[in-house]
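I opened my notebook to look up a few things in one structure, step by step. Come along and check each entry against the picture.

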Amino acid sequence: TASFQNCTLCIIKPHAVKESLTGKIIKEIIASGLKITALGLFNVEKANAEEFYEVYKGVVREYTQMVEQLSSGPCVAMEITGEVDPHHTFRELTGPSDSEIARHLRPNTLRAKFGIDKIRNAVHCTDLPDDNILEVEYFFKILDY
């Protein structure tokens with residue numbers, strides 16, 4: 001059960017689940033010292049993906065593709081916690097949103113190792129610290145009814 005305290009959200013995106021990368025990604029998260037305190041397999045419907053990514057609508061060109069990717073198959077959502085600032089620690093582990101850029105600038109990050117491009121970038125991480133609990137609640141309270 002999610003704790004909704006001192007946490008952030010990780011979603012292993014459908015393309016990465018389909019490519020059997022879930023175990024490798026989880027192994028890297030744990031090796032970084034972060035803890036997975038809740039985990040669930042979700043089939044996100046398009047309407048839910050639109051709602052979840054709503055803050056990006058009209059802001060990011062790739063909004064439609066982001067929605068399509070998240071709703072294209074099963075994904076794994078996790079509540080991530082840690083001793084010190086799990087949000088910052090996990091964002092550092094995740095790397096730049098564009099996997100191609102991540103491979104050049106931050107080659108040891110999750111998106112550099114497991115992502116393909118800006119849409120199929122292996123994992124979602126919460127952008128703003130204020131949204132951590134909201135995003136975890138979206139998956140573990142609203143979708144996990």
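**Ground rules**

I am looking at a predicted model, where local features need pLDDT of at least 70, side-chain atom pairs count only at pLDDT 80 or more, and totals for chains, interfaces and linings use all residues. I count residues from 1 along each chain as its sequence is written, and side-chain values use heavy atoms, with hydrogens and water left out.

**Entry 1: the sheet**

I looked up the strands and helices, which are DSSP runs numbered from the N terminus (helices: H or I, at least four residues; strands: E, at least two). Four strands make an open sheet, in the order E2-E3-E1-E4, with antiparallel pairing. Two strands pair if DSSP finds at least two bridges between them. At the edges I found E2 (35-43) and E4 (123-125), each of which pairs on one side only. On average, neighbouring strands of this sheet are turned by 20° against each other, direction ignored. For such angles, axes are lines fitted to C-alpha atoms, for helices over the stretch in contact, and the angles run from 0 to 180 degrees between N-to-C directions.

**Entry 2: strand E1**

How many bridges join E1 to E3? I found six between E1 (residues 7-12) and E3 (residues 74-81), and the two strands run antiparallel. Cys 7 has Thr 81 as its bridge partner in E3, while Thr 8 is partnered there by Ile 80. Three bridges join E1 to E4, again antiparallel.

Next I checked burial (buried means under 20% relative accessible area, exposed over 50%, partly exposed in between, with a 1.4 Å probe and protein chains only). Six of the six residues of E1 are buried. Cys 7, Leu 9 and Ile 11 point one way from the strand, and Thr 8, Cys 10 and Ile 12 point the other way.

**Entry 3: helix H5**

H5 (residues 86-94) packs on the sheet and touches E1, E3 and E4. Contact means heavy atoms within 4.5 Å. The direction of H5 makes about 30° with that of E1.

Which residues of H5 are buried? They are Pro 86, His 87, Phe 90, Leu 93 and Thr 94. Seen down the axis of H5, these residues fall within an arc of 130°, so they line one face of the helix. The arc is that of the directions from the helix axis to the C-beta atoms. Among the elements covering them I noted H2, H7 (110-114) and H8 (132-143). After H5 comes Gly 95, with a positive phi near 90°.

**Entry 4: the cysteines**

I searched the whole structure for disulfides and got zero. A disulfide is a pair of cysteine sulfur atoms within 2.5 Å. Cys 125 is the bridge partner of Cys 10 in E4, yet the sulfur of Cys 125 is 8.1 Å from that of Cys 10, so a bond is ruled out by distance. Cys 7 is buried at 4% relative accessibility, and Cys 125 is buried at 2%.

**Entry 5: positive phi**

Most residues other than glycine have a negative phi. Asn 6, in the segment before E1, has a positive phi of about 45°. Asn 6 is partly exposed, at 45% relative accessible area. Ser 20 also has a positive phi, about 60°, and lies in the loop between H1 (14-18) and H2 (22-31). Is Ser 20 buried or exposed? Ser 20 counts as exposed, at 60% relative accessibility.
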